[in-house]
Amino acid sequence: DRPEVISEALGARFPIVALTLGELGAVLYNKGTTTRIEAFAADVVDATGAGDAFAAGLIANLIRGKDLETCAIEGARVAAKAVTLVGGRPKPQKA
């Protein structure tokens, strides 16, 4: 319950809140709604950059006009890929 409480408190100040929780996924808060995002299974080699990878996946899809939950799921997918490599630098996908 704690991540939901924290996200709601931050939601009073920010329009979109995304809290990453490692292997527990993430919590989103937007317009009074809290949503849990499941983590993707991954063989973790190095967790460096997982949060940044999540944010990049989320923001890149927001820019593309996708809904917030879809963006967060994509962020979780990118983060799962990032932790399978040393240094958290997954190879970019071709557009």
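Which residues of H3 are buried? I looked this up first. The list is Leu68, Cys71, Ala72, Gly75, Ala76, Val78, Ala79, Ala80 and Ala82. Buried stands for under 20% relative accessible area, exposed for over 50%, and partly exposed for values in between (1.4 Å probe, protein chains only).

**Ground rules.** I am working with a predicted model, where local features need pLDDT of at least 70, side-chain atom pairs count only at pLDDT 80 or more, and totals for chains, interfaces and linings use all residues. Residues are numbered from 1 along each chain as its sequence is written, and side-chain values use heavy atoms, with hydrogens and water left out.

**Confidence.** I checked pLDDT, the predictor's confidence in each residue, from 0 to 100. The protein chain averages 91, and 93% of the residues score at least 70. Helices (H or I, at least four residues) and strands (E, at least two) are DSSP runs, numbered from the N terminus.

**Helix H3.** I noted that H3 covers residues 68–82, which is 15 residues. From first C-alpha to last it reaches 21 Å, close to the 21 Å expected at 1.5 Å a residue; the expected span is 1.5 Å times one less than the number of residues. At its N-terminal end I found a cap: a side-chain oxygen of aspartate 67 lies 3.3 Å from the backbone nitrogen of glutamate 69. A polar contact is a pair of N or O atoms within 3.5 Å; within protein, one must be able to donate a hydrogen and the other to accept it, and residues adjacent in sequence count only if both atoms are side-chain atoms. The cover over the buried residues of H3 includes strands E1 (16–20), E2 (26–30) and E3 (33–37), and helix H2 (50–63). Contact means heavy atoms within 4.5 Å.

**Sheet.** I traced an open sheet of three strands in the order E1-E2-E3, with antiparallel pairing. E1 and E3 are the edge strands, each pairing on one side only. Two strands pair if DSSP finds at least two bridges between them; E1 and E2 have five. Threonine 20 stands opposite alanine 26 in E2. E1 and E2 form a hairpin with five residues between them, and glycine 22 in the turn has a positive phi of about 60 degrees. On E1, Val17 and Leu19 make up the covered face, while Ile16, Ala18 and Thr20 make up the uncovered one.

**Helices on the sheet.** H1 lies across E1, E2 and E3, at about 150 degrees to E1. H2 lies across E1 and E2, also running at about 150 degrees to E1. Axes are lines fitted to C-alpha atoms, for helices over the stretch in contact, and angles run from 0 to 180 degrees between N-to-C directions.

**Two polar residues.** Asparagine 61 is in helix H2. I put it down as buried because its relative accessibility is 4%. A polar atom of its side chain lies 2.8 Å from the backbone oxygen of glycine 57. Leaving aside neighbours within four places in sequence, asparagine 61 is in contact with Lys66, Cys71 and Glu74.

Glutamate 4 lies in helix H1. Not counting residues up to four places away in sequence, glutamate 4 touches Val27, Thr34 and Arg36.
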